[in-house]
Amino acid sequence: MKYELLKILRKKQDLFWILAFPIILSTLFKIAFGNLYENTEVFTKIPIAVVADESMDSVVFKNVVESLSQGDNAMFDTTFTDNESAEKMLFENDIDAIIYSDIDGIKMSVTEKNGGNQSIVKSFTDSFIARKSVIESGKTDISEFVKNMNSEISYNKEVTANGKENDLYVTYFYNIIAMICIFASTLGLAVINESTAAFSDKGARISVSPVKRSSVILKGLISALIVNYACMLVVLMYILFVLKVSFGNDIHMVLFASFIGTVMGTGFGVFIGSVLKVSRGIKEALCTGISLIMCFMSGLMLTNIPMIIYEKCPVLNKLNPVAMLCDCFYSLTVFESYERFFENIIKMSVTTLIFVLLSLIFSARRNKRADL
């Protein structure tokens, strides 16, 4: 076992693709997408200016706006100022809208910079106008109005079914971990190739020695599994603690799913090595190529690819091992229950079992022919 581990650790090219490359790729993703979600998906306070006179209507309106501008989940970043200063701020794009409140009512002046923010401000003013008389009469206090506004206007963060933020760009990091797991196939394939007489001197020695080929392969596969999973752990720790990307609170489940994914990836490599009767180079090319295609289909290069595939040919997502693993990570973030998570775990386990059984069947047939 020690010899097999050391042998795998000397394979710098394989280690690059399961350790160095994922770290480089995750760093680039963080640089590219690190603040993009916050800037495009997560709500931030809308900068507005309020120009109000001293009328009773304006006093009530100012109190409401002040209430909506306080706290961590404030809707507005409000500046109370005069008309000239407000127009200057709007012209310089320091604010998204000006709200005028006077004895004649509520009016708006907006910029074309952010149509979504304009809609929110417009919804707020319309709601205030509709309820102004109720507020002024004292039948509804300002705090109740603010509470209703927070529930009626869709301005807050996009959240999942369990109340967590749904960061669309974190799926790229899910795919990096899934990529490492499926790349265990290259190590699994190497174990099969090196134990085959036609492909290596070691295989030739095994074929004429009293040592069982199956025991040599088993030790090699366990060593490959250990190395690949260790590399995955290093990359995962780097993503979590250095890049500060959250995989949710169920890290133990992430580790469990990653282990199953690593076993599945190793099994896929064994399958390629055992089933195909082609040269070693072609096997390696097919193993790497198919793995990359599965990563592409799960969203490693473009995060919306799985949705496109789901619309056009949903069966491909259900059969894609990388997509299964990514869906495990996604389900931990989105759903409160583990039902979908364990559905994917079962599918990955069945897929691994199919790889192993087919490998055993084809290997047994070849051994039988060799004996004849």
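Residues are numbered from 1 along each chain as its sequence is written. In this predicted model, local features need pLDDT of at least 70 and side-chain atom pairs pLDDT 80 or more, whereas totals for chains, interfaces and linings use all residues, and side-chain values use heavy atoms, without hydrogens or water.

Q: Why is Thr262 called buried?
A: Buried means under 20% relative accessible area, exposed over 50%, and partly exposed in between, with a 1.4 Å probe and protein chains only. Thr262 has a relative accessible area of 0%, and is therefore buried. Thr262 belongs to helix H12, residues 251-275; helices (H or I, at least four residues) and strands (E, at least two) are DSSP runs, numbered from the N terminus.

Q: Which residues is Thr262 in contact with, leaving aside its neighbours within four places in sequence?
A: They are Cys181, Ala184, Leu225, Asn228 and Tyr229, where contact means heavy atoms within 4.5 Å.

Q: What makes Cys181 count as buried?
A: Its relative accessibility is 1%, so Cys181 counts as buried.

Q: How many disulfides does a search of the whole structure find?
A: The search finds 0 disulfides. Cys181 is in none, as the nearest cysteine sulfur, that of Cys326, is 9.3 Å away, whereas a disulfide is a pair of cysteine sulfur atoms within 2.5 Å.

Q: Why is H9 called roughly antiparallel to H11?
A: Helix H9 (residues 184-194) and helix H11 (residues 213-242) pack at an angle of about 160°, with axes 9 Å apart. H9 is therefore roughly antiparallel to H11, since angles under 35 degrees count as roughly parallel, over 145 as roughly antiparallel, 65 to 115 as roughly perpendicular and the rest as oblique. The axes are lines fitted to C-alpha atoms over the stretch in contact, and angles run from 0 to 180 degrees between N-to-C directions.

Q: Which residues make the contact of H9 with H11?
A: H9 contributes Ala184, Leu187, Gly188, Val191 and Ile192, and H11 contributes Arg213, Ile217, Gly220, Leu221, Ala224 and Asn228.

Q: Why is Asn93 called partly exposed?
A: Asn93 has a relative accessible area of 40%, and is therefore partly exposed. Asn93 is placed in the loop between helix H5 (83-91) and strand S3 (97-102), and its phi is positive, near 60°.

Q: What makes Lys244 count as exposed?
A: Relative accessibility is 63% at Lys244, which therefore counts as exposed. Lys244 lies in the loop between H11 and H12 and has a positive phi of about 60°, although not a glycine.
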